[in-house]
Amino acid sequence: MDFKRKYIMTNFSTESTKESINTTIDSATENSALICSWIKAQFSYMVFSARRSQGISQAELSRLTGIDRTTIVKLEKLQRDPSLDVMILSLIHISEPTRL
């Protein structure tokens, strides 16, 4: 049992209150997963569209950012979740190509 649920079970007396709070926690957890998936999809699309609009190949973006080309391919195809460092390097280069 996670901390939130343990806290609820020990600090709230009525079953209906416990059930209501548990439902809210479950809903928030599901919504968080959906939001994370949406953010990852938007990031992948941003990398793809910005790279294409600037005429940069995946190999060139790889060379400029130090991110393996296969990682870029997988990111653009939504086959890999981006790590924070990958997101930052990609966005910095795409928004300011001369910065790196």
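This is a predicted model: local features need pLDDT of at least 70, side-chain atom pairs count only at pLDDT 80 or more; totals for chains, interfaces and linings use all residues.
**Stop 1: along H3**

Arg63 and Glu60 form a salt bridge, with their closest N and O atoms 2.7 Å apart. The two residues are three apart in helix H3, so about one helical turn separates them. Is Arg63 buried or exposed? Its relative accessibility is 57%, so Arg63 counts as exposed.

Stay on H3, which covers residues 58-65, and pick out Leu61, Ser62 and Thr65: these three are buried. They sit on the same side of H3, because the arc they cover around the axis is only 105 degrees. Then step off the end of the helix. Gly66 follows H3, and its phi is positive, near 80 degrees.

**Stop 2: Glu76**

Next, select Glu76, which you'll find in helix H4 (residues 69-76). With a relative accessible area of 15%, Glu76 is buried, because the cut-off is 20%. So which residues surround it? Skipping its neighbours within four places in sequence, Glu76 is in contact with Ser44, Val47, Phe48, Arg51 and Gln58.

- Gln58: its side chain and that of Glu76 are joined by a polar contact of 2.8 Å.
- Arg51: its side chain meets that of Glu76 in a salt bridge, at 2.7 Å from N to O. Arg51 belongs to helix H2 and Glu76 to helix H4, so this pair ties together parts that are 25 residues apart in sequence. Both Arg51 and Glu76 are buried.

How many salt bridges does the count come to? The count is two, and you have now visited the Arg63 pairing with Glu60 as well as the Arg51 pairing with Glu76.

**Stop 3: Ser44**

Move over to Ser44, in helix H2 (residues 15-53). Its relative accessibility is 3%, so Ser44 counts as buried. What does the side chain of Ser44 reach? Look for the backbone oxygen of Leu75, at 2.6 Å. Beyond neighbours within four places in sequence, the contacts of Ser44 are Leu75, Glu76 and Leu78.

**Stop 4: out on the surface**

Trp38 is another residue of helix H2, and at 54% relative accessibility Trp38 counts as exposed.

**Zoom out**

Finally, clear the selection and go to a cartoon view. Which elements do you see from the N terminus on? The order is α-α-α-α-α, with five helices and zero strands in the protein.

Colour by accessibility next: buried residues make up 24% of the 100 residues. The accessible surface of the protein comes to about 7000 Å², and 57% of that belongs to carbon and sulfur atoms.

Conventions:
Residues are numbered from 1 along each chain as its sequence is written. Side-chain values use heavy atoms; hydrogens and water are left out. Helices (H or I, at least four residues) and strands (E, at least two) are DSSP runs, numbered from the N terminus. Buried means under 20% relative accessible area, exposed over 50%, partly exposed in between (1.4 Å probe, protein chains only). Contact means heavy atoms within 4.5 Å. A polar contact is a pair of N or O atoms within 3.5 Å; within protein, one must be able to donate a hydrogen and the other to accept it, and residues adjacent in sequence count only if both atoms are side-chain atoms. The arc is that of the directions from the helix axis to the C-beta atoms. A salt bridge is a side-chain nitrogen of Lys or Arg within 4 Å of a carboxyl oxygen of Asp or Glu. Accessible areas come from the Shrake-Rupley method with a 1.4 Å probe; for residues, only the protein chains shown count as cover.
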